[in-house]
Amino acid sequence: MKIFFKTCFSAVVVTLLLIPLRLSGIGMGIDLSSLVGFILFFYLTFFLFVKYKNETVFWNIFAALIIGECVLFPNVIYDLFSGLPWFLPQLLIQTIGIICGYLYWKLTKPLDFLIALISCLITVFMFFQGFDYWLHYLNYETFTGKINAHRLSQRFEGINQYNTKITNQTLNKKIALLDFWNTRCGVCFQKFPQLQAFYDKYKNDDSVVVFAVNKPLDEDKEKSAFKVIEEESYNFPVLLPTDEELPEKFGVKGYPTTFVIDKQGNVVYKGSIEGAVLMIEELKKQ
């Protein structure tokens, strides 16, 4: 029992050391704390099995490590029930570190080297790309943004800042980028320079249309969306939809969310502005 509590305490201490990294921000904070967490738990597990191999059973150490790492992760359980498990991959990566540390101790050469290599590859993938996929899925319900093409079934109608009526016909036989936003969305304004750059690149291309589709809020004044964009010195087209529920009909869960519609009227992308730009570049090459 003494070994169990020592092991559990060791795992708690490691988790405590990772908290500053984990809380440094969603995105890079998760990536870095997971990378460091994997390494620490891998070597902690290996060290403990070497030290206590003749004093206790395998499950005693393993269970203590799992319990110890979970003690300071109550937010993961809460996030699971709230539907936004931001930190779940970090907990899983640390658990993989524990498993790999045990296997590295248990297996003989060359299998121990193979386990170490596989664990390194998993960690590197998660650090450079895996968490981006995970966060994209949480935000947009797709890992890469690419979705099974389906016809645009919603009636697309609204007025732009020049009081021109925009309808589905405007998108006919064109590649369309629709960026849904609202006036209270800070991230939307952070992404607007990229939207402006994309618009500047294609504003003279008749095969591409761009619209920043506003979701009116209760506190918005009439046509305040147009005024806000003008005050920020942007000139990309803004659309105030006739149907205020248009974003919901598109399946928008959070803002900003960007869609790409191909020339056949199929919705082929849902996600970030960065991914939408790449998708349109791909469509243009085709």
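**Source of the model.** The structure is a predicted model, in which local features need pLDDT of at least 70, side-chain atom pairs count only at pLDDT 80 or more, and totals for chains, interfaces and linings use all residues. Residues are numbered from 1 along each chain as its sequence is written, and side-chain values use heavy atoms, with hydrogens and water left out.

**Figure 1. The protein chain contains eleven helices and eight strands.** Helices (H or I, at least four residues) and strands (E, at least two) are DSSP runs, numbered from the N terminus. Of the 286 residues in the protein chain, 48% are buried. Buried means under 20% relative accessible area, exposed over 50%, and partly exposed in between (1.4 Å probe, protein chains only). Among contacts (heavy atoms within 4.5 Å) between residues at least 6 apart in sequence, 72% join residues at least 24 apart.

**Figure 2. Strand β7 (residues 257-261) pairs with β4 and with β8.** Two strands pair if DSSP finds at least two bridges between them. β4 and β7 run antiparallel and are joined by five bridges; Asp179 stands opposite Thr258 in β7. Five of the five residues of β7 are buried, so the strand is largely enclosed by the rest of the structure. In a regular strand the side chains alternate between the two faces of the sheet. In β7, Thr257, Phe259 and Ile261 lie on one side and Thr258 and Val260 on the other, and all are buried.

**Figure 3. The largest nonpolar core has 27 residues.** Such a core is a set of buried Ala, Val, Leu, Ile, Met, Phe, Trp, Tyr and Cys residues joined through side-chain atoms within 4.5 Å. The members that touch the most other members are Leu177, Trp181, Phe192, Leu195, Phe236 and Val260. At least two residues each come from β4 (175-181), α8 (186-202), β5 (208-214), α9 (224-231), β8 (266-271) and α11 (273-285). The largest share, six residues, is supplied by α8. Leaving aside residues up to four places away in sequence, Leu177 touches Leu195, Phe198, Val209, Val210, Phe211, Thr258, Phe259, Ile273, Ala276 and Ile280. Another core, of 17 residues, lies apart from the largest one; Leu171, Leu178, Ile261 and Val267 are among its members.

**Figure 4. Helix α8 has a kink of about 40° at Phe192.** The kink lies shortly before the proline Pro193; the bend at a residue is the angle between axes fitted to the seven residues ending there and the seven starting there. With 17 residues, α8 reaches 25 Å from its first C-alpha to its last, close to the 24 Å expected at 1.5 Å a residue. The expected span is 1.5 Å times one less than the number of residues. Cys188, Phe192, Leu195, Gln196, Phe198, Tyr199 and Tyr202 are the buried residues of α8. Their cover includes β4, β5, α9 and α11.

**Figure 5. Helix α5 (residues 88-106) spans 27 Å from its first C-alpha to its last.** This is close to the 27 Å expected for its 19 residues. The buried residues of α5 include Leu91, Ile93, Ile98, Cys100 and Tyr102.

**Figure 6. The rings of Phe156 and Phe250 form one of the aromatic pairs, of which the structure holds 21.** Rings of Phe, Tyr and Trp (its six-membered ring) pair if their centres lie within 6.5 Å; planes under 30 degrees apart count as stacked, over 60 as edge-to-face and the rest as tilted. The centres of Phe156 and Phe250 are 6.5 Å apart and the planes stand at 75°, so this pair is edge-to-face. It links distant parts of the chain, 94 residues apart: Phe156 is in the loop between β1 (146-151) and β2 (158-160), and Phe250 is in helix α10 (residues 246-250). Phe156 is buried at a relative accessible area of 0%, and Phe250 is buried at 9%. Tyr234 and Phe236 make a stacked pair, 5.4 Å centre to centre with 25° between the planes. Both are buried, Tyr234 at 18% and Phe236 at 0%. Elsewhere, Phe38, Phe42, Tyr43, Phe46 and Tyr104 form one aromatic cluster.
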